[in-house]
Amino acid sequence: HQFSQALHTLSRVFAAAPYHQQASLMAARIHLAQHQTALAQQACNRLWQQDLFLFSVCSYEVAGRGGDWAQSYIQLQKLWQRQTLTPELDIWLRGILAEQAEQLQLTAAAQQWLTPVLLQAPTSLWLKWADLSLELGEAQQVYQRLAEKQQQYPLSDGLLLRLALAERQLGDSVYYNILLTERMDVRLARGDTDHAADLAHYFLRLKYDAKAALHWATINYQTAKEPDDMRLLTLSENAVKGTRE
């Protein structure tokens with residue numbers, strides 16, 4: 001989340017190669033994370049004469065973040081249907097489609113975009129898949145897949161939180177809840193502000209403390225301003241209001 005430093009480094013890349021594809025996509029992603037849609041579109045525009053497909057996907061993601069979710073989702077589906085994609089591009093495009101479907105309240109469709117590519121997907125898409133699945137009442141599936149993943153190597157705090165939530169919904173054990181609490185206590189003791197969203201989710205969804213949730217959601221939103229970050233902040237603000245009424 002050191003976005004200013006990242007953009008400074010990318011500016012040096014652009015000085016040497018003004019239309020560098022990966023740098024252009026990364027710059028667009030950073031600007032979207034900061035809710036700077038105009039600057040994100042400028043980054044997408046660098047791709048116009050280099051790769052029309054990448055330019056189109058980048059631009060439709062920006063348009064969605066600008067509020068045009070419905071039309072962007074339709075156009076991105078068309079792009080996905082008529083392209084033969086590498087696994088990496090398929091995962092990238094599915095992640096955007098899942099976000100846009102969720103914003104259109106198509107929860108099941110959003111989950112279905114992610115399920116086929118989970119084994120190769122980054123943590124961010126696992127988190128999204130788990131949240132969508134929990135919302136759909138599929139705690140058993142979340143528990144099974146994340147418990148298997150945990151056995152292979154330790155889960156990130158965010159994924160362990162979703163595993164603990166699934167465990168609580170199933171009501172069979174508190175093993176992962178205890179493990180997560182131990183990790184969160186360590187983070188709180190050392191004042192760790194990295195990935196503050198994890199702590200906001202923890203206090204909002206598992207160990208309920210509205211004020212603590214708002215504190216961490218606010219810290220998170222100071223750097224990350226994507227739709228999930230805004231939603232987390234709003235939910236935390238509403239939770240605090242609810243405790244006052």
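Predicted model: local features only at pLDDT ≥ 70, side-chain atom pairs only at ≥ 80, totals over all residues.
1. Before the details, residues are numbered from 1 along each chain as its sequence is written, and side-chain values use heavy atoms, leaving out hydrogens and water. Local features need pLDDT of at least 70 and side-chain atom pairs count only at pLDDT 80 or more, while totals for chains, interfaces and linings use all residues.

2. Take helix α8 (residues 123–135) and helix α9 (residues 139–152) to begin with: they pack at an angle of about 150°, their axes 8 Å apart. The two are therefore roughly antiparallel (an angle over 145 degrees). Contact here means heavy atoms within 4.5 Å. On the α8 side W126, W129, A130, S133 and L134 take part, meeting A139, Q141, V142, R145, L146 and K149 of α9. These residues divide into 7 nonpolar, 2 polar and 2 charged.

3. L146 turns up again in the largest nonpolar core, which has 75 residues; L146 and L180 have the most contacts inside it. Such a core is a set of buried Ala, Val, Leu, Ile, Met, Phe, Trp, Tyr and Cys residues joined through side-chain atoms within 4.5 Å, with buried meaning under 20% relative accessible area (1.4 Å probe, protein chains only). Helix α12 (residues 196–206) gives the most to this core, with 8 residues.

4. What does L180 touch, leaving aside neighbours within four places in sequence? Its contacts are D157, L160, L161, A164, Y202 and L206.

5. Helices α2 (residues 21–33) and α4 (residues 52–65) pack at about 5°, with axes 11 Å apart. They are therefore roughly parallel (an angle under 35 degrees).

Methods. Axes fitted to C-alpha atoms, helices over the stretch in contact; angles between N-to-C directions. Helix = DSSP H or I, 4+ residues; strand = E, 2+ residues; numbered from the N terminus. Parallel < 35°, antiparallel > 145°, perpendicular 65-115°, else oblique. Nonpolar A, V, L, I, M, F, W, Y, C, P; charged D, E, K, R; others polar. Buried < 20%, exposed > 50% of the residue type's maximum accessible area, 1.4 Å probe, protein only.
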